[in-house]
Amino acid sequence: MSDQVSIKVVDAFDLDDELRSLLKPGEMMRDPEGRRHRLPRYFYEIPDHEAAVSIRLSHHFGLNEFILTDLKEAPRLLQFPRYVPCAVRVLAFYLEQFRREIGASVHIAVNGAYRSPSHKLSQTATPHMWATAADIYRIGTTILRGKESIEKYNGIAEDLSDDIHVLPYGHVTGLNADDHVHIDLGYITVIPREISEDRMEVPQENRPRFAFEERRRRERRNVPETEG
Ligand SMILES: [Zn+2]
């Protein structure tokens with residue numbers, strides 16, 4: 001992480017019309033139970049593939065692992081710069097705890113982390129649209145297919161924290177078949193500290209509205225502690 005550059009944070013209301021219509025910042029969306037949730041507004045902007053590969057969100061998880069999508073995602077959102085809600089770092093933190101608990105690598109499926117509201121699998125609100133869910137298809141060398149392995153890892157994930165929610169074996173088809181562990185943290189929206197929330201929800205001319213995330217760990221080590 002030594003040469004890591006700060007990640008740019010954008011207010012999605014400032015993006016162009018097409019991106020706004022695809023990311024739907026601040027819009028309400030219903031979950032399968034009919035409850036409404038407000039979609040995230042603040043995103044990390046990933047300039048290119050190199051940045052996606054080099055930026056680490058936690059010790060073992062790179063940003064690129066959370067934006068692996070295929071053509072089910074809207075074509076414009078597959079082009080760089082790409083956007084992922086800032087809550088993705090919270091997800092990476094929990095996955096890091098999960099990885100440590102099981103002592104093996106954790107592999108996220110294609111379309112298994114952030115999915116925009118315009119992704120073909122985004123029919124109703126799911127935490128995937130908040131970047132707070134991950135579908136894990138392999139742990140270490142174990143491909144997750146059987147009921148036994150999926151239930152085992154579901155249990156380990158649930159025991160880690162009450163923040164973690166898993167879906168039961170067979171949740172995809174409702175049939176006796178499944179190929180991943182789904183872990184989510186619910187509808188967490190992160191408002192980065194660098195952002196001022198008094199801004200209007202419409203694009204404003206001549207006012208750049210983005211920030212760069214402060215480098216946290218490294219700089220804190222060199223400056224006197226100012227926060228309690
Ligand atoms: Zn899922």
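## Loop residues and backbone geometry

N111 lies in the loop between β6 and β7; helices (H or I, at least four residues) and strands (E, at least two) are DSSP runs, numbered from the N terminus. The model is predicted: local features need pLDDT of at least 70 and side-chain atom pairs count only at pLDDT 80 or more, while totals for chains, interfaces and linings use all residues. Residues are numbered from 1 along each chain as its sequence is written.

Phi of N111 is near 65 degrees, a positive value in a residue other than glycine. With 18 C-beta neighbours inside 10 Å, N111 counts as partly exposed. The classes rest on C-beta atoms placed from the backbone: a residue with 20 or more others within 10 Å of its own is buried, one with 12 or fewer is exposed, and one in between is partly exposed. K24, in the loop between α1 (17-23) and β2 (28-30), also has a positive phi, near 50 degrees. K24 has 19 C-beta neighbours inside 10 Å and therefore counts as partly exposed. In the loop between α2 (49-54) and β5 sits P81, and the peptide bond from F80 to P81 is cis, with omega near -5 degrees. Most residues other than glycine have a negative phi, and most peptide bonds are trans.

## Chain totals

The chain has 5 helices and 11 strands. Of its 228 residues, 33% count as buried. Among contacts between residues at least 6 apart in sequence, 68% join residues at least 24 apart; a contact requires C-beta atoms, placed from the backbone, to lie within 7 Å.

## I108 in strand β6

I108 lies in strand β6 (residues 106-108) and counts as buried because it has 22 C-beta neighbours inside 10 Å. Leaving aside residues up to four places away in sequence, I108 touches E65, L68, A113, A134, D135 and I136. I108 and Y137 are 29 residues apart in sequence, and their C-alpha atoms are 6.1 Å apart.

## Strand pairing

Strand β10 (residues 181-184) points V181 and I183 one way and H182 and D184 the other, and all are buried. Strand β7 (residues 133-139) runs antiparallel to β10 and is joined to it by 4 bridges; strands pair if DSSP finds at least two bridges between them. I136 stands opposite V181 in β10. Strand β9 (residues 165-166) also pairs with β10 in the antiparallel sense, over 2 bridges, and H165 stands opposite D184.

An open sheet is formed by 4 strands in the order β5-β4-β1-β11, with antiparallel pairing. Its edge strands, each pairing on one side only, are β5 (82-85) and β11 (210-212). Neighbouring strands of this sheet are turned by 35 degrees against each other on average, direction ignored. Within the sheet, β4 (residues 42-46) and β5 pair over 4 bridges, and Y44 stands opposite V84 in β5.

## Packing of α3 and α4

The axes of helix α3 (residues 88-102) and helix α4 (residues 147-160) come within 10 Å and cross at roughly 120 degrees. Axes are lines fitted to C-alpha atoms, for helices over the stretch in contact, and angles run from 0 to 180 degrees between N-to-C directions. The two helices are therefore oblique to each other; angles under 35 degrees count as roughly parallel, over 145 as roughly antiparallel, 65 to 115 as roughly perpendicular and the rest as oblique.

Q97, F98, E101 and I102 of α3 make the contact with I156, A157 and L160 of α4. These residues divide into 5 nonpolar, 1 polar and 1 charged, where Ala, Val, Leu, Ile, Met, Phe, Trp, Tyr, Cys and Pro count as nonpolar, Asp, Glu, Lys and Arg as charged, and the others, Gly among them, as polar.

Methods: Two residues are in contact if their C-beta atoms, placed from the backbone, lie within 7 Å.
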